[in-house]
Amino acid sequence: RTYDVLFSCTARQDTPLEPCPVGLPTMYVCICASHPENVLLRVTYGTTIECLSLVKRTAPHAAAYKPNAAFFEALGPNLGGTTLRRVIDAIPDDIPVLLDAKRGDIGSTAQAYAEACYDRDDGLGADGVTLSPLMGWDSVKPFVTGKYADRGA
């Protein structure tokens, strides 16, 4: 499914989604600086707005979206995870989501990462994921076999 959809969008561009605080509008950075206790909330709020706006503006041209999990994860498990899920949910169904997670572990840990990345109900619902296969086939297998054989990695 992932590759069929991706190839049907060849006229579009890959669009990274990286919620780096440096890229936020000045208004959000100033709010953060003046209220340090609200930094995480404000950065997440600004991140959500910026990413959702980017998706809306670029959807007609995007071949895929590649949210960088690290930037969202750096916002913390609750706010970062919620923000990432909201952004992925906002991406039109006909445009693949290639989660830039660079996962690479073995056995049950790799399986858990695959479920977290791909599961549409409890996970992030990505269509594909970047991997770091330095630990061999065991670190890749859960992402490309079984119930995830139709996903990209």
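Author: In this predicted model, begin with helix H7, residues 137-144, whose buried residues are Ser139, Val140, Pro142 and Phe143.

Reader: Why do the buried residues of H7 line one face of the helix?

Author: The general idea is that an α-helix has 3.6 residues a turn, so residues three or four places apart point the same way. In this case, the buried residues of H7 fall within an arc of 160° when seen down its axis, so they line one face. What covers them includes strand E3 (98-103), helix H6 (107-118) and strand E4 (128-131).

Reader: Which residues are buried in H6?

Author: Ala110, Ala114, Cys117 and Tyr118 are buried there, and, because they fall within an arc of 80° seen down the axis of H6, they too line one face of their helix. These buried residues of H6 pack against E3, E4 and H7.

Reader: How should I describe the packing of two helices?

Author: Two packed helices are described by the angle between their axes and the distance between the axes. Here the axes of H6 and H7 come within 8 Å and cross at roughly 35°, and the crossing is right-handed.

Reader: Which residues of H6 and H7 make the contact?

Author: On the H6 side they are Gly107, Ala110, Gln111, Tyr113, Ala114, Cys117 and Tyr118, while H7 contributes Asp138, Ser139, Pro142 and Phe143. Sorted by class, the contact has seven nonpolar, three polar and one charged residues.

How values were computed
Residues numbered from 1 in each chain as written. Predicted model: local features only at pLDDT ≥ 70, side-chain atom pairs only at ≥ 80, totals over all residues. Heavy atoms only, no water. Buried < 20%, exposed > 50% of the residue type's maximum accessible area, 1.4 Å probe, protein only. Helix = DSSP H or I, 4+ residues; strand = E, 2+ residues; numbered from the N terminus. Arc of directions from axis to C-beta. Contact = heavy atoms within 4.5 Å. Axes fitted to C-alpha atoms, helices over the stretch in contact; angles between N-to-C directions. Left-handed = near helix turned anticlockwise from the far one by under 90°. Nonpolar A, V, L, I, M, F, W, Y, C, P; charged D, E, K, R; others polar.
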